[in-house]
Amino acid sequence: MYLKKLHLRSFRNYVDRQVEFTAKKTILVGNNAQGKSNLLEAVELLATLKSHRTSRDRELVLDTATASQIEAIVERTHSTNELSIIFRKQGRRTVAVNRENLRRQLDFLGVLNAVQFSSLDLDLVRGAPETRRNWLDGLLIQLEPVYSNILQQYNQVLRQRNALLKKIRAVRQDDPNGSIDSFEPQLRLWDEQLAAAGSRVTRRRARVVARLDPIARRWHQKISGETELLEVKYLPNVEWTEDEPSKVQRAFLTRIEERRIAEQYQGKTVVGTHRDELEFAINETPARHYGSQGQQRTLVLALKLAELKLIEEVIGEPPLLLLDDVLAELDPNRQKQLLEVIGDRFQTIITTTHINSFNQNWIKDSQILKVQAGTIITAFL
Ligand SMILES: Nc1ncnc2c1ncn2[C@@H]1O[C@H](COP(=O)(O)OP(=O)(O)OP(=O)(O)O)[C@@H](O)[C@H]1O
């Protein structure tokens, strides 16, 4: 797939800018805080309808405006599509494909696919479990857009179940011997719902990790010079063995029963996929406890390359690769390996403050654009 044109109106610090991508590789050069990451964020939003920098639409709108718009033309093997998203400081977004407004945001997903790689991705190793879950969920949404609904349903059930458990705890705190019988039927209902929604989430997460693990392992071996063995392990909060909905749901209900008292005392749901963990082990040791910065970088690079390959395998077309300020941080060997993988297949947009630290081969065939205070101009080196 190929992002041919991007038009930003009142988006972040862009008043009205159009970019035409004329090469498979585009390098955006500029000082800090000029708008390079904002442009990549626009592409990320087209691919996932989410930004890893904010969950508030109003931040995506130029200070002085009330709404912003991203428009794009995306070429795929068998079609060309026009995408548009309007963000409002107040009110809901409007998404459109080929000028037709869509009722379900879900139908917007899947036209453009992208893998983002920024220095924040080092948090995949060092950060909280939530970072790893979000990454996995983001990948799943691109592979299977309906997963965004599944996740939404799970979170809704979780919120409502938590509200009920909070009420139960309040009753208990008022009177330790008080009866909570009247809450029982409602709680059972939420147990069932949590098990049903949770089983859909956990089965998909397990499946995607099973596909990702061997690809990431091969990349990691290649980049580390065959010395290290990576393993990506999914550690679900509710363990199950057979990928069969009713059996997985039963595992949830059993675990909920075991943790019933704890949940009522804590006033929240302690069983479920919101407590899943993803572990990266290198030579059988968890990477977060081990590993220099360099090793962690190799690991994240291997994960990103695996993500790229997996999306390509499932979608049948190479996704875009967005490299936000990470290339200059990679040593020449890792830069070379990344370049080899990208070849001429993956459209890549790269941001940097210092183009000089790039391997010359990166610069050779690239379109180079200079970004300055929300303007974009072609640069000639
Ligand atoms: N809603 C908004 N309205 C106006 N300006 C905004 C808005 N959101 C962000 N900005 C501006 O965008 C700029 C940040 O741009 P961006 O994050 O793309 O930086 P960058 O060029 O990638 O630099 P760095 O190398 O620091 O990441 C800042 O000047 C910020 O004030």
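Visitor: In this predicted model, is L49 buried, partly exposed or exposed?
Guide: Count the C-beta atoms around the residue. L49 has 17 C-beta neighbours inside 10 Å. Buried needs 20 or more, and exposed needs 12 or fewer. So L49 counts as partly exposed.

Visitor: What is the phi of L49?
Guide: Start with the place. L49 sits in the loop between helix 1 and strand 4 (67-75). L49 is not a glycine, yet its phi is positive. The value is about 60°.

Visitor: Where is E284, and what is its phi?
Guide: E284 lies in the loop between strand 10 (277-282) and strand 11 (285-286). E284 is not a glycine either, and its phi is positive. The value is about 70°.

Visitor: Is E284 buried or exposed?
Guide: Use the count again. E284 has 8 other C-beta atoms within 10 Å. A residue with 12 or fewer falls in the exposed class. So E284 is exposed.

Visitor: Is S246 buried or exposed?
Guide: S246 belongs to helix 6 (residues 245-258). S246 has 11 C-beta neighbours inside 10 Å. The limit for this class is 12 or fewer, so S246 counts as exposed.

Visitor: What distance separates the C-alpha atoms of S246 and L158?
Guide: Along the chain, S246 and L158 are 88 residues apart.

Visitor: Which domains is the chain divided into, and how far apart are their C-alpha centres?
Guide: Domain 1 comes in two pieces, 1-113 + 317-381. Domain 2 covers 121-315. Their C-alpha centres are separated by 29 Å.

Visitor: Which helix gives the most to the side of domain 1 that touches domain 2?
Guide: First, the contact itself. 15 residues of domain 1 are in contact with 14 residues of domain 2. Helix 1 and helix 9 (332-342) each supply at least two residues of that side of domain 1. The most, four residues, come from helix 9.

Visitor: Which residues is L46 in contact with, leaving aside neighbours within four places in sequence?
Guide: Set aside its neighbours within four places in sequence. Then the contacts of L46 are I70, A72, L83, I85 and L112.

Visitor: Where does UniProt place the feature "binding site"?
Guide: The feature comes from an unreviewed entry.

Visitor: Is G30 buried or exposed?
Guide: G30 is in the loop between strand 3 and helix 1. G30 has 20 C-beta neighbours inside 10 Å. The cut-off is 20 or more, so G30 counts as buried.

Visitor: What separation do the C-alpha atoms of G35 and V371 have?
Guide: G35 is in the loop between strand 3 (25-29) and helix 1. With 24 C-beta neighbours inside 10 Å, G35 is buried. Among its contacts beyond four places in sequence are R12, N13 and V371. G35 and V371 are 336 residues apart along the chain, but their C-alpha separation is 6.6 Å.

Visitor: Which residues come nearest to the ligand?
Guide: The shell around the ligand has four nonpolar, nine polar and five charged residues. Its largest share, three residues, comes from helix 1 (residues 36-48). Of the 18 residues around the ligand, the nearest are N13, N32, K36, S37 and N38.

Technical notes:
Residues are numbered from 1 along each chain as its sequence is written. This is a predicted model: local features need pLDDT of at least 70, side-chain atom pairs count only at pLDDT 80 or more; totals for chains, interfaces and linings use all residues. Two residues are in contact if their C-beta atoms, placed from the backbone, lie within 7 Å. A residue is near a molecule or strand if its C-beta atom, placed from the backbone, lies within 6 Å of it. Ala, Val, Leu, Ile, Met, Phe, Trp, Tyr, Cys and Pro count as nonpolar, Asp, Glu, Lys and Arg as charged, and the others, Gly among them, as polar. Domain bounds come from an automatic or database domain assignment. UniProt positions are given in the numbering used here, feature names are shortened, and annotations may be inferred rather than shown by experiment.
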